[in-house]
Amino acid sequence: MPSLKDIRRRITSVKNTQKITRAMKLVAAAKLRRAQANILQARPYAQELHEMIAELALRTEADDHPLLEVREPQRVMIVILTSDRGLCGAFNTNVLRRAQAYLADNKDAHDEIQLSVVGRKGREYLEYRDIEIKQYFAGLDVGNALERSKEISAKVTEGFLGEDLDKVYLLYNEFKSAMSQKITIEQLLPIVPAEGSKIQAAVDFEYEPTKEQILDQILPMYLQVEIYRASLESTASEYGARMTAMENATSSANDMIDSLTLEYNKARQTAITKELLEIVSGAEALKG
Amino acid sequence: MASLHLEVVTPRGVVVNKDIDEVTVPGTLGDFGILAGHIPVLSALRTGLMSYRSGNAVEHLALGGSGYAEVGAHDRVMVLTDESATSDDVDTDAVRAELEEAESELQHFEGDPQGADYTLLRQRADWARARLDLAGK
């Protein structure tokens with residue numbers, strides 16, 4: 001039977017933990033809102049680019065562009081988005097398990113599958129399992145997602161154009177709601193132009209300098225914004241997952257405090273009863 | 001008389017969305033101005049300064065990274081770019097430090113000058129220079 005003091009100490013400690021989990025939940029909620037706001041802000045840009053590429057694809061023999069070239073997928077790279085920090089439920093585990101499953105399912109289909117990992121948690125997980133990591137980027141956050149996606153897209157483009165890679169996939173948590181994320185795998189390279197539904201102007205553009213050079217400029221922008229969007233989705237998912245995890249932790253702490261308080265009261269009552277008994281029986285004994 | 005509709009859009013959001021008289025953008029082949037009634041043009045952009053005028057008020061904007069300007073039907077000008085900054089956004093000392101850092105890294109760069117790292121560095125330096133130009137306006 002733990003002493004009253006022990007139980008009181010445990011209650012205090014659980015209460016302190018609960019303060020932390022509650023604070024983390026609030027922080028995660030705030031960051032989630034920021035990530036969601038950024039997703040909305042990036043939308044007009046992505047939309048315009050989509051339309052422009054669809055239009056250009058209709059007007060050019062766009063297949064000529066090296067970033068659109070479809071090759072036999074012998075060397076494949078998967079870019080995995082994970083987080084730097086834990087305490088966010090199954091967020092990282094889910095996406096990394098999916099990566100492992102992909103490796104297991106496709107190891108015969110391609111000559112080589114390279115992994116590029118964003119986020120410390122992903123690196124730790126893979127290093128622990130002796131899985132080789134080709135590229136590593138530090139984790140994503142709301143503030144650095146744009147810079148990070150620029151780096152990632154420059155790197156994969158370099159690999160693809162140098163023909164070190166034939167196909168590049170992006171694996172990440174897509175944001176559904178704070179409670180749920182969906183693991184998504186998306187083809188980054190070669191770029192698949194969106195289906196062009198409409199040609200806006202009947203007249204063709206005057207191109208400065210040439211159509212090809214404009215494609216040179218626009219396709220990397222498109223790649224970058226795709227990675228940016230996924231990064232924001234992943235960040236939003238991370239904070240959503242952390243928010244949920246911390247919410248659960250806070251309510252578990254509540255349950256624990258309740259049961260510890262009950263235990264404490266019982267122990268207190270037992271002690272009082274015992275003392276009373278001792279006094280009464282002592283008095284009885286004195287009466288003789 | 002406002003006669004062109006200008007939109008400047010970056011991944012961070014819509015930066016400019018208004019009716020103006022004239023706009024000058026930094027095309028890869030050189031700066032060019034656009035007035036109402038321009039033929040449809042699609043031009044790649046370089047890192048540099050753009051300006052637009054409505055009435056007598058001229059405003060400047062730094063554009064960075066890749067981008068393009070689309071002059072479409074109905075006098076609609078659409079500028080898409082990686083980065084943009086107004087002079088209020090520029091902290092001169094910070095940008096100057098950024099530029100120096102990027103330039104010294106470029107000087108001591110060992111590796112493939114065709115590679116992605118070099119390109120990223122050069123973009124960073126160009127972008128810092130453009131913002132300093134803007135601050136000097």
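1. In this predicted model, helices α1(A) and α5(A) cross in a left-handed manner. Of the residues that form the contact of α1(A) with α5(A), 36 are nonpolar, ten are polar and twelve are charged.

2. Helix α1 of chain A covers residues 4-59, and helix α5 of chain A covers residues 211-287. The angle at which α1(A) and α5(A) pack is about 160 degrees, and their axes are 6 Å apart. Angles over 145 degrees count as roughly antiparallel, and α1(A) is therefore roughly antiparallel to α5(A).

3. The next point concerns the contact of the two chains. Chain A contributes 30 residues to the contact, and chain B contributes 27 residues. On the side of chain A that touches chain B, at least two residues come from each of α1, α4 (145-161), β6 (206-208) and α5 of chain A. The element that gives the most to this side is α5(A), with eight residues.

4. The side of chain A that touches chain B may also be read by residue class: 18 of its residues are nonpolar, five are polar and seven are charged.

5. Strands of the two chains also pair. Strand β6(A) pairs with strand β5 of chain B, residues 41-45, in the parallel sense, and three bridges join the two strands. Opposite A:Glu208 stands B:Ser43, a residue in β5(B).

Note on methods:
Residues numbered from 1 in each chain as written. Chains lettered and ligands numbered in written order. Predicted model: local features only at pLDDT ≥ 70, side-chain atom pairs only at ≥ 80, totals over all residues. Axes fitted to C-alpha atoms, helices over the stretch in contact; angles between N-to-C directions. Helix = DSSP H or I, 4+ residues; strand = E, 2+ residues; numbered from the N terminus. Parallel < 35°, antiparallel > 145°, perpendicular 65-115°, else oblique. Left-handed = near helix turned anticlockwise from the far one by under 90°. Nonpolar A, V, L, I, M, F, W, Y, C, P; charged D, E, K, R; others polar. Contact = placed C-beta atoms within 7 Å. Pairing = 2+ DSSP bridges.
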